[in-house]
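Let's go through this model together, asking of each label what stands behind it. Here is the structure to keep in view.

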Amino acid sequence: MKKSNIILPIIFCLCSILSEIYIFKRYINAIKNERNREFVESDDKYIKFKKYYTLMNKWFVDKCNNISIEIFFENAGYKDIAVYGIGELGKNLLLDLKRGDINVKYIIDKSAEYSCIGMGEYIVHDLNDNLEDVDVVIVTPIANFDEIKKVLEEKIKCPIISLEDVIGVSSIR
């Protein structure tokens, strides 16, 4: 009888200890996962691609609803524009504007000689060139807009806006 009186409390203690170890491990893993998520969400690349995704999604929805970005330029009185950045967003902007009446006078890109292959129909400048006057410069690398705007303000005297300012504020055409 004494053995059973001792075995049950020992089993109970072992179960308690094991359950506490299990709970503690889950708690530690939850903290690690939270820290990893916080790290990822504060990572510059994560923020950049989230901004790009949000913009492209909004642009796609506008296109599906026959909303034209050209209306933005017309309403603002922008006829002659320059596009800064010839990455994916820049190429999509040029493609979108190709069918309309907005005149893309030139493209600006910091590594123009490499990134503008296949853009033969456009004049391409790098940041060291003298930039011809335009009505507005659209900056397509939206994640770096503030830094790019500061550099461009020293080179050209016209409004400099982000592609984010264009997408989602247009009207139905």
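Q: Why is Asn-66 called exposed?
A: Asn-66 has a relative accessible area of 55%. Exposed means over 50%, buried under 20%, and partly exposed in between, with a 1.4 Å probe and protein chains only. Asn-66 therefore counts as exposed.

A word on the source: this is a predicted model, in which local features need pLDDT of at least 70 and side-chain atom pairs count only at pLDDT 80 or more, while totals for chains, interfaces and linings use all residues. Residues are numbered from 1 along each chain as its sequence is written, and side-chain values use heavy atoms, with hydrogens and water left out.

Q: What makes the phi of Asn-66 worth a look?
A: Phi of Asn-66 is near 55°, a positive value in a residue other than glycine. Most residues other than glycine have a negative phi. You will find Asn-66 in the loop between H2 and helix H3 (70-76); helices here are DSSP runs of H or I with at least four residues, strands are runs of E with at least two, and both are numbered from the N terminus.

Q: Why does Ile-167 count as buried?
A: Its relative accessibility is 1%, so Ile-167 counts as buried. Ile-167 lies in the segment after helix H7 (163-166).

Q: Which residues does Ile-167 touch, not counting residues up to four places away in sequence?
A: With contact meaning heavy atoms within 4.5 Å, Ile-167 touches Leu-55, Lys-58, Trp-59, Asp-62 and Ile-69. Trp-59 is 108 residues from Ile-167 in sequence, yet 6.0 Å away in space, C-alpha to C-alpha.

Q: How do you know that the buried residues of H4 line one face of the helix?
A: The buried residues in H4 are Leu-89, Gly-90, Leu-93, Leu-94, Asp-96 and Leu-97. Seen down the axis, they fall within an arc of 165°, so they line one face of H4. The arc is taken from the directions from the helix axis to the C-beta atoms. Among the elements covering these residues are H2, H3, S1, S2, S4 and H7.

Q: What puts the buried residues of H6 on the same side?
A: Phe-145, Ile-148 and Leu-152 are the buried residues of H6. Their arc around the axis is only 70°, which puts them on the same side of H6. An α-helix has 3.6 residues a turn, so residues three or four places apart point the same way. The face turned away from the buried side of H6 carries the exposed residues Asp-146 and Lys-150. Packed against the buried residues of H6 are strand S1 (80-84), strand S2 (103-108), strand S4 (136-139) and strand S5 (160-162).

Q: What is behind the volume given for the largest pocket?
A: A pocket is an open set of points on a 1 Å grid over the protein atoms alone, where a 1.4 Å probe fits, with protein on both sides within 12 Å along at least five of seven lines. Grid points are joined across faces, edges and corners, and the volume is the space filled by probe spheres set on them. For the largest pocket this comes to about 360 Å³. Of its 21 lining residues (those with an atom within 4 Å of a point), the closest to the centre are Tyr-84, Gly-85, Lys-110, Pro-141 and Ile-148.

Q: Which element gives the most to the lining of the largest pocket?
A: H6 does, with 4 residues.
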